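Please read the following alongside the sequence and the model.

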Amino acid sequence: TFSKTLVLGLSFGLGTGLLSQWMLLLSTLGIPYSYGAIALPPLLVAGIGLGSLLFRKNKLAPSGDHPKLNSKFDLWTLLSIVYVLYFTFAIFWLSLHWPIYLWDSINLHAYKAKVFFYSNSLKCLPGFPYPGYPLHVSFQLFWTALNLGAWDEQILKIFFPVSYAMFMCVNFGFLILFVKKRWAAIALALLVSSSMFTLHATIAYSDFMLMFYSSTTIILLLIWQKYKDDRILILASLFAGFASFTKLEGIGLTAVCGCIIAYVLFLDKDL
């Protein structure tokens with residue numbers, strides 16, 4: 001089976017993506033937003049899915065296909081992990097000690113989410129700036145506020161550092177399918193060294209979530225190429241769809257993913 005870190009990261013991305021689509025469907029059906037209306041049906045479906053998984057004997061991928069990994073942590077691995085944990089702590093601290101303040105964060109996401117929170121509907125959406133802009137980030141801010149029971153523009157940003165942590169889980173779980181833990185940890189250290197990557201994990205922009213979904217789509221396509229399991233391909237298609245609901249540019253990136261899978265099919269005649 002896949003590592004727990006990979007499953008955890010994919011579960012977060014799938015859950016938040018489906019939750020946004022569910023909230024959009026509720027509005028389309030004219031059902032007012034409430035905690036019960038939003039949370040109970042997905043929880044019921046998740047419970048049924050988890051129950052079915054417990055009784056299934058077949059696994060997503062044969063455990064023998066995974067490389068044998070050294071369970072011991074050498075010096076480079078430990079240093080890389082400490083480096084990544086330091087950045088993770090800094091990202092959480094920076095995100096939770098500053099309110100939502102950047103113009104795009106307020107204009108495109110926070111203002112809409114705040115109106116959703118107090119009106120419990122999307123009736124005011126046509127009067128917003130850029131009403132056709134994808135609503136994934138706004139929905140997640142709204143959902144966080146709904147769980148808190150109040151509008152707190154500092155704590156609301158917890159969604160972004162958590163998304164950062166889940167994306168790191170996806171990357172690490174993907175890398176250890178192909179390389180040893182040492183190189184996977186070093187790769188994560190190099191990733192968090194990118195100032196743009198860490199910056200967008202602390203602000204309420206849609207760019208980080210677009211990166212999350214589009215990059216995970218490509219990762220899933222690579223895993224699918226290795227294991228030839230159609231369920232992975234379905235999951236990749238869902239993540240590509242979620243990317244298009246995160247930012248307008250996501251539509252173009254979804255087309256890019258389509259070109260990638262076409263190229264993979266062209267190269268591998270056995271698929």
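**A walk through the helices**

The residues of helix 1 that are buried are Leu6, Gly9, Leu10, Phe12, Gly13, Thr16, Gly17, Leu19, Ser20, Met23 and Leu26. The model is a predicted one. Helix 1 has 25 residues, and from its first C-alpha to its last it reaches 36 Å, close to the 36 Å expected at 1.5 Å a residue. After helix 1 comes Gly30, which has a positive phi, near 75°.

Leu10 lies in helix 1, and it counts as buried because its relative accessibility is 12%, where buried means under 20%. Leaving out residues up to four places away in sequence, Leu10 touches Val170, Thr216, Leu220, Leu235 and Phe239. Leu10 and Ile48 are 38 residues apart in sequence, and their C-alpha atoms are 18 Å apart in space.

Two of the residues that Leu10 touches, Leu235 and Phe239, are also among the buried residues of helix 10. Helix 10 covers residues 230-244. Its 15 residues reach 22 Å from first C-alpha to last, close to the 21 Å expected at 1.5 Å a residue. Which residues of helix 10 are buried? They are Ile232, Leu235, Ala236, Phe239, Ala240, Phe242 and Ala243.

The N-terminal end of helix 10 is capped by Asp229, which has a side-chain oxygen 2.9 Å from the backbone nitrogen of Arg231. In the loop between helix 10 and helix 11 lies Lys247. Is Lys247 buried or exposed? Lys247 counts as buried, because its relative accessibility is 15%. The side chain of Lys247 makes a polar contact, at 2.6 Å, with the side chain of Asp207. Not counting residues up to four places away in sequence, Lys247 touches Tyr133, Pro134, Ser206, Asp207 and Leu210.

Apart from residues up to four places away in sequence, Ile223 touches Phe2, Leu6, Phe174, Leu177 and Ile232. Among these, Leu6 is a buried residue of helix 1, and Ile232 is a buried residue of helix 10.

Helix 6 (residues 159-175) is where confidence in the protein is highest, with a mean pLDDT of 95. Helix 6 is mostly covered, as 14 of its 17 residues are buried. Its end C-alpha atoms are 24 Å apart, which agrees with the 24 Å that its 17 residues should span at 1.5 Å a residue.

Elsewhere, Ser80 lies in helix 3 (residues 75-96). Ser80 counts as buried because its relative accessibility is 7%. Its side chain reaches the backbone oxygen of Trp76 at 2.8 Å. Leaving aside neighbours within four places in sequence, Ser80 is in contact with Ala185, Ile186 and Ala189.

Asn120 lies in the loop between helix 4 (103-119) and helix 5 (136-148). Asn120 is partly exposed, with a relative accessible area of 27%. Not counting residues up to four places away in sequence, Asn120 touches Pro32, Tyr33 and Val115. Asn120 and Phe92 are 28 residues apart in sequence and 29 Å apart in space, C-alpha to C-alpha.

Confidence is the last topic. The mean pLDDT of the protein is 87, and 90% of its residues reach 70 or more. Confidence is lowest in helix 2 (residues 35-55), at a mean of 79. Over residues 60-71, pLDDT stays under 50. For residues 60-71 the model has 24 contacts beyond four places in sequence.

Terms used
Residues are numbered from 1 along each chain as its sequence is written. This is a predicted model: local features need pLDDT of at least 70, side-chain atom pairs count only at pLDDT 80 or more; totals for chains, interfaces and linings use all residues. Side-chain values use heavy atoms; hydrogens and water are left out. Helices (H or I, at least four residues) and strands (E, at least two) are DSSP runs, numbered from the N terminus. The expected span of a helix is 1.5 Å times one less than its number of residues. Buried means under 20% relative accessible area, exposed over 50%, partly exposed in between (1.4 Å probe, protein chains only). A polar contact is a pair of N or O atoms within 3.5 Å; within protein, one must be able to donate a hydrogen and the other to accept it, and residues adjacent in sequence count only if both atoms are side-chain atoms. pLDDT is the predictor's confidence in each residue, from 0 to 100. Contact means heavy atoms within 4.5 Å.
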